[in-house]
Amino acid sequence: MNETTQTFLIRTLDDLEEAGQAGRRRLYPGRVKIKVGVGTCGIAAGASELYRALIREVREKGLDVEVAATACIGLCQREPLVDVQVPGRSRVLYGDVAADQAAPLLEAACRGEIFGGHAIARTDADEEILTDTRHVLASKAAVDGVVPFGNVPLFSSQLRIAMRNCGIIDSDSIEEYIARGGYLALLNALTKYQPDAIIQMVTDSGLRGRGGGGFPTGRKWASCRKAPGDPRYVICNADEGDPGAYMDRGILEGDPHSVLEGMMIGAYAIGSSEGFVYVREEYPLARQKLATAIKVAEQCGLMGDDIFGTGFNFRVRIARGGGAFVCGESTALMASVEGRVGEPRAKHIHTVESGLWDKPTTLNNVETWANVPVIIERGPQWFASIGSQGSKGTKVFSLVGKIKNTGLVEVPMGITLRKIIYDIGGGIADDKQFKAVQTGGPSGGCIPAEHLDLEVDFDRLTEVGSMMGSGGMIVMDEDSCMVDVARYFLDFLRYESCGKCTPCREGNQRMFELLDKICNGHATEADLQLLQDIADTVKTTSLCALGKSAPNPVLSTIRYFRNEYEAHIRDKRCPAGVCKALVKYSINSALCICCGRCARECPVKCITGQTGKPPAKATKKDKEEGKVGVPYVIDQAACVKCATCFEVCPVGAVKRT
Amino acid sequence: MPVIEADLAVATADQIIDGYGAERSSLIHVMQDIQQELSYLPRESLRRVSERLEVPLAEVLRVATFYAAFSLTPRGRHLITVCMGTACHVRGAPRILDALVRELGLGDGHETTDDMKFTVKSVRCIGCCGLAPVINIDGKAYGRLTAHRVPQILREYE
C-alpha cells in the first residue's frame with residue numbers, strides 16, 4: 001500500500017546494510033507515523049476505510065504525518081488496530097478505531113497526546129529478535145496513563161519469534177524486513193556454513209514441524225539431503241486447512257520474506273534450487289503479499305541466479321489450492337501441485353526420497369520456515385533454551401471462540417493452557433463458565449477444565465487425546481454442546497475425506513450419521529457403543545493422517561463429556577441448548593415488556609402479542625386508555641428455532657430450554 | 001452471471017492455456033483462471049482444456065468435482081461465502097446460514113437464487129476467526145454477525 005518500493009541490487013553485506021538503512025528510515029521516519037493493521041481481520045472490521053480516511057485527512061490538512069499499512073498486529077478482538085509513533089516517544093497501540101475517528105486520532109497524534117479511550121498499551125523500545133538488539137524509542141516513559149506492553153499479561157507472556165515482524169513492518173517493503181535483520185541469515189548460511197552444518201544447526205535447535213505432526217525438521221532435511229535424485233524441491237505448506245486456525249495467514253500477510261528466507265536456507269541445505277508455496281484458495285490477500293515479496297526479492301537479486309554471488313540459485317512459484325482439506329497432507333499436496341486430484345498415497349517411501357514428480361522433496365509448514373532464519377542467526381542453543389523438554393521454541397496459536405481477547409498469540413512451548421486462556425486470552429467471554437478447549441483442528445480433541453494446567457507442547461497434547469495440529473485453539477463455554485462439536489467435525493471430515501480408502505470414506509459418514517441421530521434425540525445406548533467401535537476401526541485402518549485422526553473429536557468428547565452424550569440419549573435433552581431438535585424457545589410472560597421486537601424480527605412470524613405497557617405495570621389510566629399490551633407468545637409448531645428472538649429480546653424474557 | 005456461450009467458453013480456455021503453456025501440470029491453474037473469468041466452468045471450456053492439455057475429459061471432470069472451489073453451474077451475480085470454521089460454528093454460524101437460506105428462499109440444496117442474484121456457498125474457514133461468525137460477499141467480509149443483521153446486509157446488494 002506504500003509508494004513504490006525503491007529497488008536495490010543486493011549482492012554483498014554492504015548492499016544489505018544499505019537497504020537496511022533505507023528500511024530504518026521508513027520504520028522511523030523522524031516524524032509522526034501511523035500504522036494501520038490491514039490484514040484480513042482488520043479489513044473485515046473496517047481497517048481499509050480507516051486507512052483511506054487517514055490518508056485523506058493528512059492530504060487535505062497538509063499534515064506532516066506518515067500513514068503506513070502493516071498486517072495482523074495479533075489482537076483481532078480490538079480491530080481495527082492502529083499504532084502511533086511520535087518521534088522521541090513511546091509507540092502506542094490503539095484498538096477499536098473507526099474510520100470517522102481518523103481526524104481526532106490525527107489531531108491527538110500531532111499534539112503528541114493520547115487518543116482517549118482507545119489506547120491498549122505502549123512500547124518504549126522495539127525488540128529485534130534476529131539481531132538481539134533493541135531500538136529505543138523513548139528514553140524515559142514519555143506517555144502518561146498508558147501501560148507498557150510488559151505490564152499487560154496479554155503481551156508479556158508472549159515471545160514472538162515466527163511473528164517477529166508481524167504488525168511492525170509493511171510486508172510489501174523488503175527494506176523494512178532487512179532493517180530488522182532480514183536476509184542476513186541467508187547471507188551467513190551461504191557464505192559461512194556448509195549445507196551439512198546448516199542441517200546440524202536445525203537438528204540441534206530441536207525444531208519440530210509446526211504444521212501438525214511435529215516431526216523433527218533437521219532429521220527431515222538430513223534424509224532429503226542424502227536421497228539421490230535431481231532436481232530436488234522445497235515446498236512451503238500454506239494450505240492451512242484446520243478450521244479455526246489462521247497463524248499461517250497471519251505470517252504470510254505480515255512477513256512473507258521470513259518464509260522465503262527460511263525456504264532458501266532449507267533449499268541450500270538439501271541442494272535444491274526450486275520451490276513451491278502451496279497457498280489455499282481462501283487466502284487471496286496472503287497470496288498477493290507473497291507474490292509481491294517474491295517479485296521484489298527477484299528484483300533485488302535475492303532470488304534467482306547466483307544469490308549473494310555464491311553460485312546458489314533459487315526460484316519459487318506459488319501454487320493455488322482448490323479448497324480441499326486433504327491437500328494439507330504432504331503427498332496429497334504434492335499431487336495437487338502436479339495438477340492432479342489431491343489424494344494421499346501410502347508413505348512406504350517417504351517424500352524426502354520421492355516427493356514432487358518423484359524427486360526428493362522437503363516440505364515444511366509456513367511457521368516452521370519462518371523460524372529457520374532465527375535459528376541460524378541466534379544459534380541452535382539459544383533456540384533450544386526456549387520451550388519444554390521435547391518441544392523447543394515457540395508456537396503460534398489462534399486463540400478464538402468464546403474468549404475475551406481473540407487473536408494470534410505466540411508463546412514458548414510448555415506454557416499452561418490456563419495461562420493462555422486466562423492470562424493472555426483474558427478468560428471466557430461474557431464471564432461464562434469454561435467448558436473445553438479444542439486444539440488440533442478436525443484431527444484434535446476437546447480438552448476439559450481438569451486439564452487446564454496441562455503444559456502445552458506436542459507430546460502433552462497427544463497424551464490427553466488431542467494434538468497440537470497447526471495451532472488452532474478454540475475455546476468453548478457452557479453454551480457449546482460437545483456432541484454438536486463432534487458432529488460438526490465429522491460433518492467436515494465426511495466431506496473432506498478424499499474417498500480413496502474405505503475406512504475413512506465410509507467410517508466418517510457412519511460416525512456422522514450416528515452423531516446426528518444423537519443430536520436429534522433418536523439414539524440409543526447401543527448407538528454410542530457402535531460409534532466407539534467405528535471410531536476405533538477408522539483410527540487403526542485408515543491410509544493417511546486424515547482418517548487416522550478423524551475419530552479424535554469423537555473419542556475425546558466421549559472420554560471427557562460422556563454425560564452430555566447420555567443426556568441426549570437418555571433424557572432427550574441438550575444441556576447446552578444447542579441441538580435444535582431438543583431445544584424449545586418460550587417467552588416468560590412475567591418478564592415480557594410487550595415491546596414487540598421479537599415479533600418484528602421473527603423471520604417466520606410465529607410470535608404474537610400486542611405492544612403496549614406490560615399488564616403487570618399498567619396503571620388504571622393505561623387500562624382506560626387501552627394502552628396495555630399483551631405479552632408475546634411463540635407458536636411452537638411454526639418456530640424454526642433460529643434464536644433471533646432470544647438474541648434481540650432487550651430484557652432476556654425469551655427462555656431456551 | 002448467465003450461462004456462457006460456447007464460443008466464449010472455448011475462446012477463454014484457449015487464451016488462458018496459451019498463457020500457461022499446454023502442460024499437464026497447469027491443469028488446476030488453468031481451471032482456476034477460467035472460473036475466475038467466467039464465474040464457473042462451462043462444459044465447452046472443460047472439453048477444450050481436455051483436448052489441449054491432452055488429459056481425458058473424465059480426468060478433467062474428476063479434478064473439477066474433487067476441489068470445492070470449482071463450480072460446474074453458473075453462479076449468481078453476488079457470491080456469498082459463509083464461513084463454517086470451528087470458531088464461527090461455536091459462535092452461531094449455522095444460524096447465519098439458516099437465515100441466508102430463509103431470506104433468499106433457497107433450499108433443497110440449491111445454492112443460487114432463481115433471479116441469479118446471489119449464490120450462497122459455505123466454506124471451511126476463511127481464517128478470520130477473531131471476528132467470528134463471518135460471511136464474505138464479493139470479497140467484502142462481515143464480522144461479528146448475528147442472524148437478524150442478515151436481511152439488512154442483503155439489502156446493500158443490487
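Predicted model: local features only at pLDDT ≥ 70, side-chain atom pairs only at ≥ 80, totals over all residues.
Residues count from 1 along each chain as written, and chains are lettered from A in the order written. Local features need pLDDT of at least 70, side-chain atom pairs count only at pLDDT 80 or more, and totals for chains, interfaces and linings use all residues.

Chain B puts 39 residues in contact with 47 residues of chain A (C-beta atoms, placed from the backbone, within 7 Å). On the chain B side, two or more residues each come from α2 (27-38), α4 (57-66), α5 (86-90) and α6 (93-103); helices here are DSSP runs of H or I, at least four residues, and strands are runs of E, at least two, numbered from the N terminus.

Within chain A, helices α7 (residues 184-192) and α11 (residues 256-270) pack at about 10 degrees, axes 9 Å apart, with axes fitted to C-alpha atoms over the stretch in contact and angles running from 0 to 180 degrees between N-to-C directions. That makes α7(A) roughly parallel to α11(A) (angles under 35 degrees). Here A185(A), L186(A), A189(A) and L190(A) meet E261(A), M264(A), I265(A) and Y268(A).

As for the backbone, most peptide bonds are trans. A cis bond, however, joins E79(A) and P80(A), with omega about -5 degrees, and P80(A) sits in the loop between β2 (65-70) and β3 (82-85) of chain A. Another cis bond links A132(B) and P133(B), omega again about -5 degrees. D431(A), not a glycine, has a positive phi of about 50 degrees.

How values were computed. Contact = placed C-beta atoms within 7 Å. Parallel < 35°, antiparallel > 145°, perpendicular 65-115°, else oblique.
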